Amino acid sequence: MSRAASDLVSTDAILVSAIRSGDQTAMAEIYDRYSNLVYSVALRILGDTGAAEDILQDVFMQLWRNPHAFDASRGSLPAWLAVISRNRAIDFFRKRRPETEMEEIVVSVEPDMVRGAEWSLLLGKIRGVLAGMPESQRLALEMSFFEGLTHGEIAQKTGEPLGTIKTRIRAGLIALRKACTR
Amino acid sequence: MNVHEQFADDLALLALGTLEGAERAPVEAHLRECAACRGELERLRGDAALLVFSASGARPPARSRQRLLAAVAREAHRAPAPPVRKWAWWSALQWAAAAAVLAMFFLLVRQNDRLKRRVNQLATSSASEPQLIQARQLITALSASDADHFVLVSRKTSPQPQGRAIYLARSGTLVFLASNMPALPPEKIYELWLIPVSGAPIPAGLFRPDAEGTGSVVQPTLPVGVEAKTFAITVEPKKGSPAPTSQPIMLGTRG
């Protein structure tokens, strides 16, 4: 069976449902599907393989302990896991206690947006938009998202006015939206 | 500048989780009153989530998988014993199969009782002749020795979702019961298909599982005398489709 077909058969929602009933093989399948993404996000933020590995463990153990936190109708599982990884990594980076409970995270990426052949297309669009942005805008967006810096902290680092930073960040997000919904 | 524009940039920062201090409170106060801005905040969160995909490419060490699965197994042993672990002397497969049979048995008994009550009610009331015939056909199909039985299970994961189709070709009567079906978003529905020995799949009813994952299709409109190769289930738009628009998520085998 092709990967695309097996994805259809064994959807993320079915796997999460199996995890809810204590199915360890379903947990292994989810790990195999999304551990690269979760790990990559943590590594990008922390720049430390050991710490990224700890975040990876933490994110998947949270899913195992509380699979009900994932609501398939509100977004895709990989996006949800990756955003949790991002939040946990930033908390770790800034030595904060976790501020966001898993249940509170809403990621409204279309549920099927990151499957099969559409995955590489989506990735290409995202990377294309980021590469096409003025460097100052891309940096502001990445500092905010991957480092969790406030606009005040970014302004301090770059010497740009506060209002300019805010506007660049919003415009960057809107540019991503436009590219990915085309 | 209208009130929404005033908060537009701050909404983006809030979506990223980086709006702090005195600037956060007025935005949150506005969000409590403004559905449009709440919607925009959700969209911006989705936009921000796209950024996570730009970070993909690294691969965790193999030991991470072993570490995670070992931790999962340890926690599974510590957890309060759910039914599957309470009967540890059975293998998981045996338990799953037995549980599925038991669940189906109770579903069938419940359905049978319901149908018998319905027949009795109709017999003693002023029900129309077609209704009586329909109910009797159902009872006949459920108990007929020459009725075909199909068991539908997930094609990949452990057999959580399961369906049982009882089909009597000579009268075109079908009873289908499903258990452990995952919930669907509101815009989707499960559609059952009769796959004939030759020809295109025939729509055999729509169902949406209840909170316990149980669903049924009872006596849909089907042509009489069509020999079934098997049955299948697809996920379709909520009004159903005349022909499957996606790959089957479950396929039948003769039981």
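1. Let's start with the core. In this predicted model, the largest nonpolar core has 67 residues, and those with the most contacts inside it are Val38(A), Val41(A), Ala42(A) and Val52(B). A nonpolar core here is a set of buried Ala, Val, Leu, Ile, Met, Phe, Trp, Tyr and Cys residues joined through C-beta atoms within 7 Å. Buried is taken as 20 or more other C-beta atoms within 10 Å of the residue's own, exposed as 12 or fewer, and partly exposed as in between, with C-beta atoms placed from the backbone. Helix 3 of chain A gives the most to this core, with 13 residues. Apart from it lies another core, of 23 residues, including Leu177(B), Ile189(B), Leu192(B) and Leu194(B).

2. A word on ground rules. Residues are numbered from 1 along each chain as its sequence is written, while chains are lettered from A and ligands numbered from 1 in the order in which they are written. As the model is predicted, local features need pLDDT of at least 70 and side-chain atom pairs count only at pLDDT 80 or more, whereas totals for chains, interfaces and linings use all residues.

3. What does Ala42(A) touch, leaving aside its neighbours within four places in sequence? Ala42(A) is in contact with Ala52(A), Ile55(A), Leu56(A), Ser85(A) and Ala89(A). Contact means that the two C-beta atoms, placed from the backbone, lie within 7 Å.

4. Now the helix pair. The axes of helix 3 (residues 24-46) and helix 4 (residues 49-65) of chain A come within 8 Å and cross at roughly 140°. That makes helix 3 of chain A oblique to helix 4 of chain A; under 35 degrees would count as roughly parallel, over 145 as roughly antiparallel, and 65 to 115 as roughly perpendicular, with the rest oblique. Axes are lines fitted to C-alpha atoms, for helices over the stretch in contact, and angles run from 0 to 180 degrees between N-to-C directions. The contact divides into 14 nonpolar, two polar and no charged residues. Ala, Val, Leu, Ile, Met, Phe, Trp, Tyr, Cys and Pro count as nonpolar, Asp, Glu, Lys and Arg as charged, and the others, Gly among them, as polar.

5. On to the interface: 62 residues of chain A are in contact with 52 residues of chain B. Helix 3 of chain A gives the most to the side of chain A that touches chain B, with 14 residues. That side divides into 35 nonpolar, 19 polar and eight charged residues.

6. The chains overall. Chain A has nine helices and zero strands, and chain B has seven helices and eight strands. Helices (H or I, at least four residues) and strands (E, at least two) are DSSP runs, numbered from the N terminus. Buried residues make up 45% of the 182 residues in chain A and 30% of the 255 residues in chain B.

7. Have a look at helix 2 of chain A too. Seven of its nine residues are buried, so helix 2 is largely enclosed by the rest of the structure. Asp12(A) and Ser17(A) are among the buried ones. Helix 2 of chain A is followed by Gly22(A), whose phi is positive, near 85°.

8. Last, Leu177(B), in strand 3 (residues 173-179) of chain B. Leu177(B) counts as buried because it has 21 C-beta neighbours inside 10 Å. Its C-alpha atom is separated by 7.5 Å from that of Thr214(B), 37 residues apart along the chain.
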